[in-house]
Amino acid sequence: MQNSTPKISIVVPVKDGMATLPNFIAGVQKQTLFEDLEIIVVDSASNDESVSYLSQFSFVKLVSIDPKTFNHGATRNLGVSHTSGEFVVMTVQDATPVDEFWLEAMLGHFNDLEVMGVCGQQVIPHHLNKNPHEWFRPQSKGEITSVQFKDKDAFKALTPKQQRKTCGWDDVNAMYRKEALLKLPFEPLMFGEDMLWAKMALENGFKLIFDHNIRVHHYHFQFPSYTYKRVLISKLFIYKCFGYIDDRAPSIKDYALIIYRNFKWKLPLKWIWHNFQIIKNSRAATKDFLKAIKNNTLTDLEQSLALNIPIGKQSNSN
């Protein structure tokens, strides 16, 4: 029986999610803290059976929006406004907890009353329909890192590269104190709302925990066009948010590594070509990003990607 006053609220944006929602719901039902949670689904006018499927669960609250109004930051803020829990989890419809201790492990970090957010890790399971070069193959136990800057100027004193590294936040797998989200809501962005929130949180003296032992399975198949646009958007956002010029790109060595690993793991040859295309498009995106900086055409690039990132770069240095 569900607790009438849940301690944890899980906010999930949903759009035509029937391919993955049953696995997500099953993963939540297996949680050790299942009796103390609710799920807030913000549905963008799904055309499949998502709404009718979710409606059968008493622990799910459905909030409907016009898909034209969807926005990664604003939609999550809307979800928060419908929560009852003291703690709010952000995730997505195609993520699945790796084990039954997902929520319990995150909640445990909040025994420290200064902690305002906990971020886990998303990993790729060993499924044959997923790129085996990206399967999760841990070499050591996951790290747990605590980050806080009680001196507000200390975070700003970091280099742009250091700021970016410190703000690797991820709303596929994160838990917040609700009071932190009410005090510091997400910016209304179509990309990077989580990363920018971490930056604002650290600037405001919040304590954040990164625990790579808290994992969910999550995967998007990378078609060449997807890789190009994703890399380009990411580098553009990071530059505008932190002033960091991320000029990293796969090298010729990476092509050789693909061949080596493919034969080492005895994989079908199709994965060599597939990952070659990922490398090629990642390199092309980085080249176009650096060209736009050099030619002072970042605004044109942003418009071509149909983006609106209402934040200014903080620095021009690396």
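**Stop one: a pocket**

The second largest pocket is lined by five nonpolar, nine polar and two charged residues (Ala, Val, Leu, Ile, Met, Phe, Trp, Tyr, Cys and Pro count as nonpolar, Asp, Glu, Lys and Arg as charged, the others, Gly among them, as polar). Select Thr-20, Asp-94, His-127, Lys-130 and Tyr-219, which lie nearest its centre among the 16 lining residues. This is a predicted model, where local features need pLDDT of at least 70 and side-chain atom pairs pLDDT 80 or more, while totals for chains, interfaces and linings use all residues. Residues are numbered from 1 along each chain as its sequence is written, and side-chain values use heavy atoms, with hydrogens and water left out.

**Stop two: a salt bridge**

Now pick Arg-76 and Asp-171: they form a salt bridge, with the closest N and O atoms 3.8 Å apart (a side-chain nitrogen of Lys or Arg within 4 Å of a carboxyl oxygen of Asp or Glu). Arg-76 sits in helix α3 and Asp-171 in the loop between α6 and β8, 95 residues apart. The count by this rule is seven salt bridges.

How values were computed: On a 1 Å grid over the protein atoms alone, a cavity is a set of points where a 1.4 Å probe fits but cannot get out, and a pocket is an open set with protein on both sides within 12 Å along at least five of seven lines; lining residues have an atom within 4 Å of a point. Helices (H or I, at least four residues) and strands (E, at least two) are DSSP runs, numbered from the N terminus.
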